[in-house]
Amino acid sequence: MSSQPQPAGRVEAERKGLLTLQPNASYLFAIFSANNVAATHLLSLVRATTPSHLYLSESLRTSQRGIGYALGLDVPDVIWYQPGRWKIGAGSPNRPTELLLCPYPSGDNDPSSAVAGNSIDGLHAAISFHPVSGAIIIRSRSSKPLLYLDGGGTVQRGKDTHSHVLFMEHNRLQLGSYEFALDFVLRPKDYPNFQKQRDIVLEEAYGALPSRHLDLLPSQQHYLCRGIIVHRKLYENDYRSQYSGVYTRSAGTVAINMLKYTRETSDRVRDEVRRVQINSHEGLFGMIDCWCEHDESWPCVLRKPHSPCFPQDTETIFYTTPLSEDSFASFSWSRVVIQDRLSYFYQTLVGLQELHKSQVAHGSISPWTLSLPRIMATGLMAGISYYSEEKVSTGIWVAPEVADNVQQAPPTMQADIWSLATSWIHTFKPLQTIKVDRQAHQRILQWLDGHVDPKLGDLVRTMMAWRPDERPSAEEALAHPVWLFLRDKQKRKAREQGSSGEGTSPVAVERVGDSKARKNTEQSSAGKKVRIIVDDSETEKPRSIPSERMARMLSPAEDS
């Protein structure tokens, strides 16, 4: 049995002799090293002439074959170092730089520093973990170009903030004539320890953990498709599968849904796309982008017969939605105070109203389709997803008129109201997945007394009326007094923003191919003016694959 191949980054770092094991080797996850003669000369001068307190001197390793910084999350005796963030540049007397690239102090008597200063600023770029996805991201902090060789993408110019996910195991970065490499070298057996350390760092810095649905570091198994780095399969069934991914520019999280359109599945696929086609809105996990295996911006089989790929019987369809981190069924509610819980409920009701305004009934709302993303990722607190891994056809959240309907009539908006109310109750008291009857219905209504907020209980009773015509619409439910404190809070926030001259921030959702939306996403991810240029001229490219090949590679039949 052959051993598992080593990551490309680790092979490259070993070639340079920079992987000498130390006591904290389990936290060594990357090597930032010189990758040409000019860069080697600069780092050698840094090591020989620069005071150790101005950079991470203990991390700068050298061998007969190379020189570079060993990146970890545990650096002792460096007071100014903030774990998980590494500034890159020529440095300055008042601002230590973790990854110092030029010898300091510099001046007219130091020609190497003077020449390097033409290409490298004091603070040129920064490498960090994205707080939501956990992806390793580089942000340029200079008007001078930084080239991500082999990184794909397009040239970014202007004064806007620009960043890029470092998504390969071996990454090459160029500043003028100086080339550096960032190689990911973490050993598989060290992943659990490193992940614990990384999570502690990010939770202390941002108050939340990154998504658990994404891989810890770049992998040879990742694929680049339409500006998204595809990470891992989340689930699949007979005709659909879902994958987690990260946008290459913003590092925001996204879910990629892949549907197999055939004669047998055509009705289900068309119905799903129709329902999810409503764009992402407050409280609603709608479609962000949609394409087919031929890279057509709208699937060929869903267009008129004038499509260049029509007629055909089969096609693979992709669409993206916000990535759900938890569902109402999987989330731990024990420590959630009532005000926050009501805020989650309110947003799902807002999403349902938006869906019903479009004259679309959901038809399968349950605790598994009410989703909770990472708040920083989308601006959402909670929302309604169309599809979940858990297929629910019975249970208290199925309205009685639907459960009794043997003819399987189309879903109704009144049934959605019932399903939403019972899904809320499930967060207080897990409900049995059995068909509801009059007796069970009365027991639930009686249980509300003394267990939930009285105003919420009053609303839930109306939403769970046995007769569909006695239930309120989503719009009427939003007017209930239980939401009064939320509406007052929104008014106060609006007044405060108005007095300070600030506007409300739009939800940052990146649409592939929509430069305006992508620009808004990137501007929201950092506050300084930066610039990064990505070079397309190199012959070595990342594992970017067309949608047609991706459809074959990610096919459920071929994965088994």
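This is a predicted model: local features need pLDDT of at least 70, side-chain atom pairs count only at pLDDT 80 or more; totals for chains, interfaces and linings use all residues.
Visitor: Why is Glu98 called buried, and why is Lys87 called partly exposed?

Guide: Buried means under 20% relative accessible area, exposed means over 50%, and partly exposed is in between, with a 1.4 Å probe and protein chains only. Glu98 has 2% relative accessibility and so counts as buried, while Lys87, at 23%, counts as partly exposed.

Visitor: Which salt bridge links distant parts of the chain?

Guide: The side chains of Arg226 and Asp289 meet in a salt bridge at 3.3 Å, N to O. Arg226 is in the loop between strand S12 (223-225) and strand S13 (228-236), and Asp289 is in strand S16 (residues 289-292), 63 residues apart. Arg226 counts as partly exposed at 22% relative accessibility, and Asp289 counts as buried at 11%. Salt bridges that share partners also join Arg212, Glu325 and Asp326 into one network.

Visitor: How do you know that Asp190 forms a salt bridge with Arg187, and is Asp190 buried or exposed?

Guide: The closest N and O atoms of Asp190 and Arg187 are 2.6 Å apart, and the pair therefore falls within the salt-bridge limit. Asp190 has a relative accessible area of 6%, so the residue is buried.

Visitor: How do you know that S4 and S6 pair?

Guide: Helices (H or I, at least four residues) and strands (E, at least two) are DSSP runs numbered from the N terminus, and two strands pair if DSSP finds at least two bridges between them. Strand S4 (residues 85-89) and strand S6 (residues 125-129) have four bridges in the antiparallel sense, and so they meet the requirement for pairing. Arg85 stands opposite Ser128 in S6.

Visitor: What makes S5 and S9 edge strands of their sheet?

Guide: Five strands form an open sheet of mixed pairing, in the order S5-S4-S6-S7-S9. Strand S5 (99-100) and strand S9 (163-165) each have a single partner strand, so one side of each is left without a neighbour in the sheet.

Visitor: Why is S15 described as mostly covered, and which strands pair with S15?

Guide: In strand S15 (residues 253-261), eight of nine residues are buried. Strand S14 (residues 240-247) pairs with S15 in the antiparallel sense over seven bridges, and Val254 in S15 is the bridge partner of Gly245. Five residues lie between the strands in the hairpin of S14 and S15, where Ala251 takes a positive phi near 65°. S15 also pairs with strand S17 (residues 315-321), in the antiparallel sense and over seven bridges, with Ile317 in S17 as the bridge partner of Leu259 and Phe318 as that of Met258.

Visitor: What makes S17 mostly covered?

Guide: Seven of the seven residues of S17 are buried. Glu315, Ile317, Tyr319 and Thr321 point one way, and Thr316, Phe318 and Thr320 point the other way. S17 is also joined to S16 by four bridges, the two running antiparallel, and Tyr319 in S17 is the bridge partner of Cys290.

Visitor: Why is Gly207 called exposed?

Guide: Gly207 has 60% relative accessibility, and therefore counts as exposed. Its place is in the loop between helix H4 (191-206) and S12. The C-alpha atoms of Gly207 and Pro131, 76 residues apart along the chain, are separated by 9.3 Å.

Conventions. Residues are numbered from 1 along each chain as its sequence is written. Side-chain values use heavy atoms; hydrogens and water are left out. A salt bridge is a side-chain nitrogen of Lys or Arg within 4 Å of a carboxyl oxygen of Asp or Glu.
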